[in-house]
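Let's take a walk through this model and look at a few helices and the charged side chains on them. Have the structure open as you read.

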Amino acid sequence: MKAQILLIVLLFLSCQKELKIQQPDNLISQPEMTNILYDMFVISSSKGSSIDILKDNGIQPDAFVLNKYGIDSLQFRKSNDYYAHNIETYTAILSAVQERLEAEKAELEAQIEKEQEDKIRKSDSLIKSADPRSNNSERLNPLKKIDSVR
C-alpha cells in the first residue's frame, strides 16, 4: 500500500512542468559573473589561511567582492540562481573560472620555481667564490696572493 502511494506521488511529481526561473531584471552579465565567482573562490580560499588578517582589517570576504562590483547580495543570489538553472551557461562560467584559477596557479608556481632557482644560483656563486681552489679566492683573501709571491 505504501509503495503504491509512493509510486503515485512520484508519478504526479514527474508530470509537473519543468521549474524554470525567470531572468532577473538586473541579471549580472556572464563575463562579470565569471569575475565575481573567480574573486569569491580566491578570497574564500584565503579565508582558511588568512582569516585573522581579514578580520583584523574588518574585511568580510563575500561583502568585499560584492562591493567591488557594485552589486548587492540579492542581485548576486538571483543571478547565480538563474545561471545555476541554465546548466550549460553555468558550466561555461565555472569552466572559465577554473581555467583562470589554473592559469594563475601555473604562473605562481613558475614564479616560485624561478625564485628558488635564483636563490640556489646565488648560493652556488657564493660557495664558488669562497672556494680556495677557485680563481676568485684571491679576491676574497688578498693575503694569499702575498704568500704566493714569497
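Start with the charged pairs: the model has 4 salt bridges, a salt bridge being a side-chain nitrogen of Lys or Arg within 4 Å of a carboxyl oxygen of Asp or Glu. Keep in mind that this is a predicted model, where local features need pLDDT of at least 70, side-chain atom pairs count only at pLDDT 80 or more, and totals for chains, interfaces and linings use all residues. Residues are numbered from 1 along each chain as its sequence is written, and side-chain values use heavy atoms, with hydrogens and water left out.

One of these bridges links Asp81 to Arg77, with 3.1 Å between the closest N and O atoms. Both sit in helix α4 (residues 73–84), 4 residues apart, or about one turn of the helix. Helices here are DSSP runs (H or I, at least four residues), numbered from the N terminus. An α-helix has 3.6 residues a turn, so residues three or four places apart point the same way. Asp81 is partly exposed at 28% relative accessible area, and Arg77 is too, at 42% (buried is under 20%, exposed over 50%, partly exposed in between, using a 1.4 Å probe and protein chains only).

Now move to helix α5 (residues 87–130), where Asp118 and Lys114 lie 4 residues apart. Their salt bridge has its closest N and O atoms 3.2 Å apart. Asp118 also meets Arg121 in a salt bridge, 2.9 Å from N to O. Through shared partners, Lys114, Asp118 and Arg121 join into one network.

Key:
Helices (H or I, at least four residues) and strands (E, at least two) are DSSP runs, numbered from the N terminus.
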